[in-house]
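Let's take a walk through a protein chain, one spot at a time. Have the structure open beside you as you read.

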Amino acid sequence: MHPESPYVHALRRRGFFKSTLSLAAAAAWASRADETVLQRPVFVADPFSLGVASGDPTADGFVIWTRLAPDPLQGGGMPKDPVAVGFLVSENDAFTRVVRQGTIVATPDWAHSVHVELEGLEPSRAYWYRFHAGEATSPVGRARTSPAPGDGASGLRFAFASCQHYEQGFYTAYAEMVADDPGVIVHLGDYIYEGAAKADAVRQHRGGKLASLDSYRDRHALYKTDKLLQAAHAHCPWIVTWDDHEFENNYADDIPARSELSRDAFLAQRAAAYQAYYEHMPLRRSSLPHGPLMQLYRRVSHGSLAEFFVLDTRQFRTDQPCGDGVKAPCEGVMDPAATLTGVEQERWLLDGFRGSTARWNVLAQQVMMARVDRAPGDEFTCSMDQWSGYEVQRRRVLRAFAERPDANGIVLTGDIHSHWANDLLVDEGTGAPKVVAAEFVGTSISSGGNGRAEPANHAVIMGENASVRFHSGQRGYVVCDLGPDRCETAYRVVDFVDRPGGRVSTAARFVVENGRPGLVEG
Ligand SMILES: [Fe+2]
C-alpha cells in the first residue's frame, strides 16, 4: 500500500514514458523527469468519482477532462505521484471505431486532473470518449465537433445555466436539460458557492468559507459528485465561464472590498480559486492559470451560424460604483473609465463583434445588461454590480450592436436567480429609444430554493420597465434553437428543487428574427 494514500496501491516503475502529452503536461513532466509516474495504480475506490466532461468545441476537436479522485471530498485520495491516464476517442459508443488514443500524465500539482485537447477530427460529428487509470475505466462522455468554418446550414440547439448552489436545491433542471438534447451547454458562472456549511440546508457543504486551494478543490469535487450534473457534462461539450462565487461574492479584480485581507493575500486566494476552477473544468491550456491571472475570455465558433464571445466580467473590472448594491445612480455610474471587462477585453469584444461574419453573435456573460429600474414610481434605482453600474461602457457595447443589426447580437446572462427576457435599447430616455439586441437572462439551477413565478419584486419590475418582456423567480434554465432565420428561446422552469423529482415545464417562449433586433413572443 502506498504510504501517502489508502486509496491507491501502486506498482512503481521508472524509465521512458511513451505517451501523448499536451504541451502543459509535457512541461510538467519534463520538470519531473526524475520522478516516478505510476503506470498501473490499483485503486481501492473509483478514481472517476467526478465523472468526465468535454468543452470548447471547434470544427476539428474539443477538450476532454477528468480528475482522478478516489476520495473526492477529502483532498482526492491520490498519492503525491504523477499517474498515467489513458484516453480513447471513438466514432461510436461501443468503442469499436477508435480514432484517437494516448496517455497523459495527471500530476498532483493540478490535483490529478487531465485536459486533453483533440485535433484533426471531422467537423459536425459526434464522438465518444473515456479514460483509463490502472484497471479503472471512466464513464463514457459524448462530444461533438462544430461545423466547418463557413458552414452555416445546420442549426444549433444550446442550453444555458448558472448558479447551482448545492445547499439550496437539487439539480433536477439538468436532467430535463439532457432530455432536451442540446448540442452545447453554456454555463455562465456560480458553478460553486464559497460559503461555509449551513446546518439547515437541503443538502450540505462541508467545512468553513473557502480560502485555501485544498478547500476550493474539495468544494468543486462536492459539486461534481452530483450525478445529474455529471450526466449533463457527459452529454455534450460545455462552454464555461465564471462569475463571483467561484472565488468571493461580488468581487471586482484585486480589490478586497468585502474581506479583511491585504491585496496580496486576496490575490493569493484568487490564485487558489482560479486554479481549482481550471482543475475542474473542460478548459484548454490557453486558460491555464498563472498565479492570480487566468485567460478565460475567448471565442467559440459554430460554423458561420454562431460566434460565442465568452466574457469574464470579474477579473478585470473596476470597483462597483456608489458602494455597490441597488441604489439611485451616483456620479461614478457615468465614469467613462469604469469597466466590467477591462480595456483589453472590451477592445477584443468590440473589434471581434464588428468584424464577425457569423449570423448570430452571442455574448455569454454574467451580469444583466438591461438597465432595469428597481423602484416604484418616480424614483429610479438600479444595480451597481451589473452593466447598469458601468453605464458608459454599457452604451459603447450597445452602440456596437446598433451599428451592426445584421450581426444579430444576443446577450446571455446569469447571476440573479431569475428568468428575464429583455429588449436592449440605445438612447433610453430620449423619447426615441431603439431596440438593438435581445437579452436572455437565465434563472438559477438551484440557488434560492424553490422560488415563485411572481416573486415579491415582480410587479415593480414589470410595471417600471417596458423593455422587460418576461420575468420569473422559479428555478430552471433556457434552451435556444439557432437557425439561419430565427433564434427561438424556451424558458424552462422546475416546480420545486428542495427535493428530487420536480417537474419541468416551459414558462415562456420568444423569437428573434434574423436582421430584426429585439424579442417577438413565440
Ligand atoms: Fe448565483
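Start at His417, which sits in the loop between strand 19 and strand 20 (419-426). Helices here are DSSP runs of H or I with at least four residues, strands are runs of E with at least two, and both are numbered from the N terminus. A quick word on ground rules: this is a predicted model, where local features need pLDDT of at least 70 and side-chain atom pairs count only at pLDDT 80 or more, while totals for chains, interfaces and linings use all residues. Residues are numbered from 1 along each chain as its sequence is written, and side-chain values use heavy atoms, leaving out hydrogens and water.

Back to the backbone. His417 has a positive phi of about 60 degrees, though it is not a glycine. Most residues other than glycine have a negative phi. Ser124 is also a non-glycine with a positive phi, of about 50 degrees, and it belongs to the loop between strand 7 (113-117) and strand 8 (126-133).

**The iron site**

What are the protein donors of the iron ion? They are Cys163 (SG), Asp190 (OD), Tyr193 (OH) and His417 (NE2), lying 2.0 to 2.5 Å from the iron ion. A donor is an N, O or S atom within 2.8 Å of the metal (3.2 Å for Na, K and Ca); water is not among the atoms, so sites may look incomplete. Along the sequence, the donor residues are spaced C-x26-D-x2-Y-x223-H.

Why is the arrangement called irregular? The 4 donor atoms subtend angles of 86 to 167 degrees around the iron ion, and that makes it irregular.

Buried means under 20% relative accessible area, exposed over 50%, and partly exposed in between (1.4 Å probe, protein chains only). Here are some residues sorted that way.

| Residue | Relative accessible area | Class |
|---|---|---|
| Cys163 | 0% | buried |
| Asp190 | 1% | buried |
| His417 | 23% | partly exposed |
| Ser124 | 31% | partly exposed |
| Cys330 | 32% | partly exposed |

**The disulfide**

How many disulfides does a search of the whole structure find? It finds 1. Cys322 and Cys330 form it, with their sulfur atoms 2.1 Å apart; the cut-off for such a pair is within 2.5 Å. The torsion about their S-S bond is about -90 degrees, so this disulfide is left-handed. Cys487, by contrast, is in no disulfide, and its nearest cysteine sulfur, that of Cys480, is 5.0 Å away.

**Helix 6**

In helix 6, Gln345, Glu346, Leu349, Leu350, Gly352 and Phe353 are buried. They cover an arc of only 165 degrees around the axis (taken from the directions from the helix axis to the C-beta atoms), so they lie on the same side of helix 6. The face turned away from that buried side carries the exposed residues Val343, Glu344 and Gly355.

Key:
Four donors count as tetrahedral if all angles lie between 85 and 135 degrees; four count as square planar and six as octahedral if opposite donors are over 155 degrees apart and all others between 65 and 115; anything else is irregular.
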